[in-house]
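Open the model in a viewer and keep the sequence panel beside it. The stops below say what to select next and what is there.

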Amino acid sequence: ASHVVVSLVRNYPNYLVINLDKLDYCASLKNLETISEKENYKFIQGDICEPHFIKQLFETEKIDIVLHFAAQTHVDLSFWHALEFTYVNVYGTNVLVAAAHEANVEKFVYVSTDEVYGGSTDQEFDESSPKCPTNPYASSKAAAECFVQSYWERYQFPVVITRSSNVYGPHQYPEKVIPKFISLLQQNRKCCIHGSGLQRRNFLYATDVVEAFLTILKEGKPGEIYNIGTNFEMSIVQLAKELIHLIKKTSSESEMEHWMDYVKDRPTNDLRYPMNSEKMHNLGWRPKVPWKEGIKKTIEWYKENFHNWKNAEKALEPFPVAEPFAQLNVP
């Protein structure tokens, strides 16, 4: 989301860009330092799960467009904190879409995930494929999608839903697989691979995703769903080997094995999420950044910026150790 905020502030000087963030454990305001002093940028710390605060925000600020990225997103954590994920991702989305509807917002973009489809070994998912989530994170995103879509069905409120592949690049909290492996190797530690490591993921560089959202803002049609995907796919083992090769400068199989540590798998781990993104291609968007270029920039960034988060070290454990959630006060 920080990449989108930076891009909006720079590309739309006549728009006021309001960045609402709870500043949870995975947030870092350092990611926004380049625009923090800009006149058309405003940061507000707040929680989408607080209805009175959100209602007041929409009453105070004249908001035309909402891009809703706010969520708990770490799949591993969701297995142990399913209730909190449901609270933030479903209830929080409900609060936000209701307030946006009441304020007559012109466009509400809900940022979802390819994980709502569940895994597939061969069949490619398009936007009409059934939702079949297999983990609590994906289930909470799928449920939130239904609430958002219902505002289109019931009120013709102009919502757009996006489902994207795994995003990588600078600014990402190192609990996610690419920054996690990079950071472990840069600290001379082994990549921790869940299960067999044969599960494959589609990786999309951050600036390509920014372009996709700028396209959605201009061209996305109300009531529609758009897959933001890439054909570039890699197994987790192959990813580890690529990063070992680039960071440890070795191509020897035995040396590569030395830098990999196989740990127990998640309770469920989908094999693949193949998505068809033709609908986005028809709007004029395609991913442009080649893997070799994107991963090189990402490795360089983490060399200098790993400590942008106070608790970054905790993110490198094989499984979540943090207790990121306060006691829930569900209304």
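**A pair before helix α6**

Select Lys176, which is partly exposed at 24% relative accessibility; partly exposed means between the limits for buried (under 20% relative accessible area) and exposed (over 50%), with a 1.4 Å probe and protein chains only. Its partner is Glu175: the two side chains form a salt bridge with 3.7 Å from N to O. A salt bridge here is a side-chain nitrogen of Lys or Arg within 4 Å of a carboxyl oxygen of Asp or Glu. Glu175, at 7% relative accessibility, counts as buried.

This is a predicted model, in which local features need pLDDT of at least 70, side-chain atom pairs count only at pLDDT 80 or more, and totals for chains, interfaces and linings use all residues. Residues are numbered from 1 along each chain as its sequence is written, and side-chain values use heavy atoms, leaving out hydrogens and water.

Next, select residues 177-186, helix α6, where eight of the ten residues are buried. Helices (H or I, at least four residues) and strands (E, at least two) are DSSP runs, numbered from the N terminus. The buried residues of α6 are Ile178, Pro179, Lys180, Phe181, Ile182, Ser183, Leu184 and Leu185. What do the buried residues of α6 pack against? Show β6 (166-168), β7 (191-194), β8 (200-205), α8 (236-248) and α11 (291-305): the buried residues of α6 pack against these elements. Contact means heavy atoms within 4.5 Å.

Two backbone positions can be checked from here. Asn188, which follows α6, has a positive phi near 60 degrees. In the loop between β6 and α6, His171 has a positive phi near 80 degrees and is a residue other than glycine.

Move to Glu233 and Arg200, whose side chains meet in a salt bridge at 3.3 Å, N to O. Glu233 lies in strand β10 (residues 233-235) and Arg200 in strand β8, so the pair ties together parts that are 33 residues apart in sequence. Arg200 is partly exposed at 31% relative accessibility.

**The two domains**

Colour domain 1 (1-165 + 205-231 + 274-289) and domain 2 (166-204 + 232-273 + 290-317) separately. Domain bounds come from an automatic or database domain assignment. The centres of the two domains, taken over C-alpha atoms, are 25 Å apart. In contact across the boundary are 40 residues of domain 1 and 32 residues of domain 2. About 3,100 Å² is buried between domain 1 and domain 2, and carbon and sulfur atoms give 52% of this area. Buried area is the accessible area (1.4 Å probe) that two parts lose on being put together, summed over both.

How many salt bridges are there between domain 1 and domain 2? The count is one. Now select Asp76 and Arg266, whose side chains meet in a salt bridge at 2.5 Å, N to O. On the side of domain 1 that touches domain 2, α1, α3 (75-80) and α7 (206-219) each supply at least two residues. Helix α3 gives the most to that side, with four residues.

Select Ser7 in helix α1 (residues 2-11). Ser7 counts as buried at 12% relative accessibility. Beyond its neighbours within four places in sequence, Ser7 is in contact with Val210 and Leu214.

Then go to Phe69, in the loop between β3 (65-68) and α3. Phe69 is partly exposed, with a relative accessible area of 22%. Not counting residues up to four places away in sequence, Phe69 touches Ala1, Val4, Val111 and Phe213. Asn89 is 20 residues from Phe69 in sequence, and their C-alpha atoms are 9.9 Å apart.

**Last stops**

Asn104 lies in the loop between α4 (82-102) and β4 (107-113). Asn104 is not a glycine, yet its phi is positive, about 55 degrees. Is Asn104 buried or exposed? At 61% relative accessibility, Asn104 counts as exposed.

Finish with salt bridges, of which the structure holds 15. Asp64 forms one with Lys62, their closest N and O atoms being 3.3 Å apart. Asp64 is partly exposed at 26% relative accessibility, and Lys62 is exposed, with a relative accessible area of 65%. Lys55, Glu59 and Glu102 are linked in a network of salt bridges.
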